[in-house]
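Dear colleague,

I am passing on the structure below so that you can look at it beside the sequence.

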Amino acid sequence: MPILSAVQHRAETHPQQLAVQIGDDRLSYVELRDAVLQRLGGTPPGTDRPKGPTVIGQPNGLEFVVRFLAGVAGFGSVAVLDPGWPAEQRADVLARLRGLESTTVVPETMADGPPDSTFLYGFTSGTTAVPKAFRRTRRSWQQSFPRSAGVLGLTRDDSTLAPGPLSASLNLYALAESLHVGATFHSLPGFDVAAALERIENHGITRLVAVPAVLRLLAQRGLASNRLCRAITSIVSGGAKLDLDTTVLLQRWAPAATVSAYYGAAELGFVSATVLAPGQPPQPTGTAVGLPFPGVRIRIVDDQGAVVAPGITGTIQVSSDLVCDGYLWGDDGAAFQRLGTWCTVGDHGFLDGAGVLHHLGRSQDMILSAGSNVYPQEVEAALQALPGVRAAVVTGLPDATRGHRVVAAVLGDTDMVAGTDLDAVSLRAACGAALVAPKRPHAYYRMSELPLTPAGKVSRRMLGRWIEQGDSRVVRLR
């Protein structure tokens, strides 16, 4: 992974350039290099030592960055844990990681290890309490860096802000790619809308990387206070589908920005992307996630593994050199699978006649209701096309007759004309016009806020819990 050599080179050619700033704490490239070398200096160079992966489980901060870079030096590897995990879950993962110990050589300099060696152990949720652990080689990110910089717009002159947790792969990759090209990276100790807007306005931010829910909050707050963001030239959305309404908000808030959205997975890397130039109108479809990323092939197969024609829904498979090396543990059979040169995480979708990929959701998100397969994203797209709907979330609740019943919750548009409101009649009419009967929700709710994970992703399961527990953040519409 050519991060360390890039940091070393930048420290020699542009020593005082700002490399990383998190909150008020900052390091220039030469300071970052020296901090990493100091971290590596605890053991005489060139000696052997037993060493498992460096475990990083703290919140955002310069210590996180230094530990990450020192941990991947030479043959080293890191395991990045979510600091919000419960103590029991964390202890379980740490016990499993101790079984990965091996003998490594302490590098004499900030050396990048061999391309085929493992450098990262990441974690993703599964059907059990213990997160699934996957591993990545340096080569997978080596191949990703130049492609993502080209597609998603990153140069050494950019200052990127990724305000989310560095434990999430979206933000960790944003840090790594920024250092790889010799640019400047910003983050926050914890996400705060006001702090993020202050950073954008007063610290020369030109590029913003975040999940759609965070981007929506920033654009809403900026527009509500009449603070247009004219300095940002690139906005990158990942981690979830960027909806049409949020795209329009971003274009209003940052009129000079190219808005890029990519579809991928922690296990697969980049799969496809859409790129909108400033002022370019977005496509109205709610399921399209763009053309294949450079070097990535996509096909759709049926339950028997046969390739289907354009427009037919099936399982998304990719052939790519950006994928991970598989799971260490937690493989529940419902996610990453390698089938020869083709890989999948169980997502469903279709390719249209122009080769654009449409993503309908993961197999575990699919709702089986009265014998019909319902993809939440299809229903959410139908609802979000209705004026007055800022966002929609769809989930399935247990039902003795149907197996599961489809329910939908909407977040109202704060910019609606006075005197208008959302009701079940208008929502039912929108779904009736866009969806066949089995896909139409059986109940509608209004949310006061989105059900978000600590990483800022919308959680359909959390919505289900809110409804079942009578949470005040969701109210049934009649």
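In this predicted model, helix α10 (residues 376-384) and helix α11 (residues 424-434) pack against each other at an angle of about 120°, with their axes 9 Å apart. The crossing in which α10 passes α11 is right-handed. If you select the side chains, you will find that V379, A382 and L383 of α10 meet L427, A430, C431 and A434 of α11. Sorted by class, the contact of α10 with α11 has seven nonpolar residues, with no polar and no charged ones.

Helix α8 (residues 212-224) and helix α9 (residues 244-253) pack at an angle of about 45°, and their axes are 9 Å apart. That angle makes α8 oblique to α9, and α8 passes α9 in a left-handed crossing. On the side of α8 the contact is made by P212, L215, R216, L218, A219, Q220, G222 and L223, while α9 contributes T246, L249, L250, R252 and W253. The residues of this contact of α8 with α9 divide into eight nonpolar, three polar and two charged.

In the loop between α8 and β12 (234-237) you will come to N226, which has a positive phi of about 60° although it is not a glycine. Most residues other than glycine have a negative phi. N226 is exposed, with a relative accessible area of 67%.

Which residues of helix α4 (residues 87-97) are buried? They are Q89, V93 and L97, and they cover an arc of only 75° around the axis, which puts them on the same side of α4.

The buried residues of α3 are L62, F64, V65, V66, F68, L69, A70 and G71.

T184 has its place in strand β10 (residues 184-187), and T184 is buried, with a relative accessible area of 8%. When its neighbours within four places in sequence are left aside, T184 is in contact with Q17, L18, A19, D158, S159, T160 and S178.

R405, in turn, belongs to strand β26 (residues 403-412), and at 27% relative accessibility R405 counts as partly exposed. Not counting residues up to four places away in sequence, R405 touches S369, T395, G396, L397, P398, D399 and H442. Of these, S369 is 36 residues from R405 along the chain, and the C-alpha atoms of R405 and S369 are separated by 5.8 Å.

Technical notes. Residues numbered from 1 in each chain as written. Predicted model: local features only at pLDDT ≥ 70, side-chain atom pairs only at ≥ 80, totals over all residues. Heavy atoms only, no water. Buried < 20%, exposed > 50% of the residue type's maximum accessible area, 1.4 Å probe, protein only. Helix = DSSP H or I, 4+ residues; strand = E, 2+ residues; numbered from the N terminus. Arc of directions from axis to C-beta. Axes fitted to C-alpha atoms, helices over the stretch in contact; angles between N-to-C directions. Parallel < 35°, antiparallel > 145°, perpendicular 65-115°, else oblique. Left-handed = near helix turned anticlockwise from the far one by under 90°. Contact = heavy atoms within 4.5 Å. Nonpolar A, V, L, I, M, F, W, Y, C, P; charged D, E, K, R; others polar.
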